[in-house]
Each structure stands twice: as C-alpha cells, then as structure tokens.
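Subject: Structure handover

Hi,

Here is the structure I promised to pass on.

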Amino acid sequence: MDPEKLVLHEDDCQEKDFPGRKLRWLIKPDITGNEHCSVNMVRLAPGSVVTPAHSHPEEEEVIYIVEGKGEVLIDDRVYQLRTGSVAIFPPKSVHMLKNSDKGEMKVLCFFSPAADTSMYQFHEETRFPE
C-alpha cells in the first residue's frame, strides 16, 4: 500500500453527484490500495432521498450518521436516525436514506468486502413510505 495514501482528508477526494446525494469515495482498493473494505461519505440536502433504493449482493454495509437526522428504509421497515446513529445493511437487504432535517445530513458508509457503486443492485420499484 502506498504510504502517501494511509492518511487522507475528505476534501482530497473527488465528490460526485448521485440521485439524492453527493458522494466521495474515501477508501477503495483502486484509490488507496487496501483489500478488504471501502468507505464513502455521502451528503444529503434537506428533504433528499437516496434513489433508487439499492442492495449489495455480497457486501455488508454499516452507516454512521456524522451529522443530521433522518430515516432509513431497510427491507420495508423504517428506522429513525440522528447524529451518532449506526445502521447495518446485511447483504441483499434493500435500503435507502432520507434526510428529514432542516440541515445537511452527513453519513459515513463502510463496506466489507470492498464495494463500489458498480456493484449496487437497484430496486426502482421501491419507494420511501410517506
């Protein structure tokens, strides 16, 4: 692993626009040279919903709410989130996030084994309950 990539700052990572969120990959094998996990940071504007709902066929995902509050849909059940909350998405679970706060929601997403958006399976038919 490249010693120059052992420590980095989120501002050094390219941010991309995705439906309902802005996403930065912080740790990923093709960026940092690690093998077993990946991490991204997502930012959701007030009222935003990550669409479409998605799942990861073999990867487990754990999210940590750095800032804000909202809701998460995991396999047809809605859970409340706030700063400091952690949620686990088992492999194959269909999930999506919603920012229900007045400010930005900032979320760290950890994957094991390593994942990237090309591995997501999308579930266009799934909607966040009203």
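Some ground rules before that. The model is predicted, so to speak of local features I need pLDDT of at least 70, and side-chain atom pairs count only at pLDDT 80 or more, while totals for chains, interfaces and linings use all residues. Numbering starts from 1 along each chain as its sequence is written, and side-chain values use heavy atoms, with hydrogens and water left out.

**The sheet**

Six strands make up an open sheet in the order E1-E2-E3-E10-E5-E8, with antiparallel pairing. Labels come from DSSP runs numbered from the N terminus: H or I for helices of at least four residues, E for strands of at least two. Two strands pair if DSSP finds at least two bridges between them. At the edges sit E1 and strand E8 (86–89), each of which pairs on one side only. From one strand to the next the twist averages 25°; for such angles, axes are lines fitted to C-alpha atoms (for helices over the stretch in contact), and the values run from 0 to 180 degrees between N-to-C directions.

E1 and E2 run antiparallel and are joined by four bridges. Phe-18 has Arg-21 in E2 as its bridge partner. The two strands form a hairpin with two residues between them, and Gly-20 in that turn has a positive phi of about 85°.

Elsewhere in the sheet, strand E5 (residues 60–67) pairs with strand E10 (residues 105–112) over seven bridges, again antiparallel. One place to look is Tyr-64, which stands opposite Leu-108 in E10.

Val-107 is also in strand E10. Is Val-107 buried or exposed? Its relative accessible area is 0%, so Val-107 is buried (under 20% is buried, over 50% exposed, anything in between partly exposed, with a 1.4 Å probe and protein chains only). Leaving out residues up to four places away in sequence, Val-107 touches Asn-40, Met-41, Val-42, Ile-63, Tyr-64, Ile-65, Val-66 and Leu-97; contact means heavy atoms within 4.5 Å.

How many cavities of 30 Å³ or more does the structure hold? There is one cavity of that size, and the largest cavity has about 120 Å³ of space. On a 1 Å grid over the protein atoms alone, a cavity is a set of points where a 1.4 Å probe fits but cannot get out; a pocket is an open set with protein on both sides within 12 Å along at least five of seven lines, and lining residues have an atom within 4 Å of a point. Points are joined across faces, edges and corners, and the volume is the space filled by probe spheres set on them.

The largest cavity has 15 lining residues, with Val-50, His-54, Glu-61, Leu-97 and Cys-109 nearest its centre. E9 gives the most to this lining, with three residues. By type, the lining has 10 nonpolar, three polar and two charged residues (Ala, Val, Leu, Ile, Met, Phe, Trp, Tyr, Cys and Pro are nonpolar, Asp, Glu, Lys and Arg charged, and the others, Gly among them, polar).

His-54 belongs to strand E4 (residues 53–55). Its relative accessibility is 5%, so His-54 counts as buried. Beyond its neighbours within four places in sequence, His-54 has contacts that include Glu-61, Tyr-120 and His-123.

**The pocket**

The largest pocket has a volume of about 220 Å³. Its lining includes Leu-8, Phe-18, Trp-25, Lys-28 and Thr-117. Strand E1 (15–18), strand E2 (21–27) and helix H1 (29–32) each supply at least two of the lining residues. Six residues of the lining are nonpolar, two polar and four charged.

**Backbone details**

A cis peptide bond joins Thr-51 and Pro-52, with omega about -10°; Pro-52 is in the loop between E3 and E4. Another cis peptide bond joins Ser-112 and Pro-113, with omega about -10°, and Pro-113 falls in the loop between E10 and strand E11 (121–123).

Asp-75 lies in the loop between strand E6 (69–74) and strand E7 (77–82) and has a positive phi near 45°, though not a glycine. At 44% relative accessibility, Asp-75 is partly exposed. Asp-76, in the loop between E6 and E7, has a positive phi of about 75° and is not a glycine either. Asp-76 is exposed because its relative accessible area is 73%.

Cheers
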